[in-house]
Structures are given as C-alpha cells and as structure tokens.
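Hello,

Here is the structure I promised to pass on to you. Have a look at it first, and then read on for what turned up in it.

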Amino acid sequence: MSSTPGSPSPRAQALPRSAYRVFRPIGTRWGDNDIYGHVNNVVYYSWFDTAVNAHLIEQGALDIHAGEVIGLVIETQCNYFGPLAFPQTVWAGLRVAHLGRSSVRYEVGLFADGEDLAAACGHFVHVYVDRATRRPVPLPDILKNTLETLR
C-alpha cells in the first residue's frame, strides 16, 4: 500500500510471535543501553543482521569467509513499539517476505523474553552479489532452499 506525498502512511502494528518462522535468542549487553535507559535504536539493526546471517551460516547456506556469493544490504526499516533494555534476553523472530532472483526481503521481529507481541518489527533487503565483481547473481540453490523454509 503506497501513500501520496504529504499523506500519512498506514500505522505499523506490532506482530505476534506466530508471524515468524524461526527464533534466535540474543543477550543484551551493558553497552547496548543509552542514556535514556533502553537499548539504542542502532543496536536493533545489528540484531537484524545477527539473526539473518547466523541462521544462514548455521544452515550451511552462507560462507562469510570464502563463499563466492555475499549479501549486501540495500534497504532497512524498523518500527518500535516497546522498550528493550539490559539485562534481558531478546528473541529475534525471522521470516522471508519476498524471494527474488537475486534479492531477499527479510522481516525480523524483536521480542522481550516471554512477550507475545514484538517490541520492534523491521526488515532489510539483501541483494546477493558475486564477491569479486559486486554484481548481482542468482541465489545459489542451497541459499534459495534455506530461504524457502522461512517463507
């Protein structure tokens, strides 16, 4: 759904755990909190990266050291619904919203331990490229198959 310039966008909603396919626990650190006593917004993007890349590495779908194909982030967004803070465990829920020829839109929900609604929901888009040329390439079969399980 698009909006016209100057008109408000539809208000984002916190999603439930059931909207996501896999989860990863992430421990907050002392340095994640800012002066206002909650996790600073820039840390959320790091958690998105951690959730996606750790899952792909664990599934054998991404070799960050020697693989010929790497993912470059071309777009990100995050909507915040509730605070997260040190010390607590955050659960990152992961799903794939769009799977293209060379790109993927990942959606991540960040949940406080024991909560059903996300404290934050975000997305980022990876374009998979040849490591040497940085030109887009088709998703390798192992990556594509792993991503299909997240749709």
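Let's start with the aromatic rings: a search of the whole structure, which is a predicted model, finds seven aromatic pairs. In one of them, the ring centres of W30 and F86 are 5.8 Å apart and the planes stand at 90°, so this pair is edge-to-face. W30 sits in the loop between strand 1 (22–27) and helix 1 (41–58), while F86 sits in the loop between strand 2 (69–80) and strand 3 (89–99), so the pair ties together parts that are 56 residues apart in sequence. W30 is exposed, with a relative accessible area of 70%, and F86 is partly exposed at 30%.

Another edge-to-face pair is Y45 with F48, at 5.6 Å centre to centre and 70° between the planes. Both residues belong to helix 1, three residues apart, about one turn of the helix. Y45 is partly exposed, at 29% relative accessibility, whereas F48 is buried, at 1%. Ring pairs also link Y20, F23 and F111 into a cluster.

Now for the overall picture. The protein has two helices and five strands, in the order β-α-β-β-β-β-α along the sequence. Its radius of gyration is 16 Å, close to the 15 Å that the globule rule gives for 151 residues, so the protein is as compact as a globular protein of that length. Of the 151 residues, 38% are buried. Among contacts between residues at least 6 apart in sequence, 71% join residues at least 24 apart.

Enjoy exploring it!

Best wishes

Notes:
Residues numbered from 1 in each chain as written. Predicted model: local features only at pLDDT ≥ 70, side-chain atom pairs only at ≥ 80, totals over all residues. Heavy atoms only, no water. Helix = DSSP H or I, 4+ residues; strand = E, 2+ residues; numbered from the N terminus. Rg over C-alpha atoms; globule rule 2.2 N^0.38 Å. Buried < 20%, exposed > 50% of the residue type's maximum accessible area, 1.4 Å probe, protein only. Contact = heavy atoms within 4.5 Å. Phe/Tyr/Trp six-rings, centres within 6.5 Å; stacked < 30°, edge-to-face > 60°.
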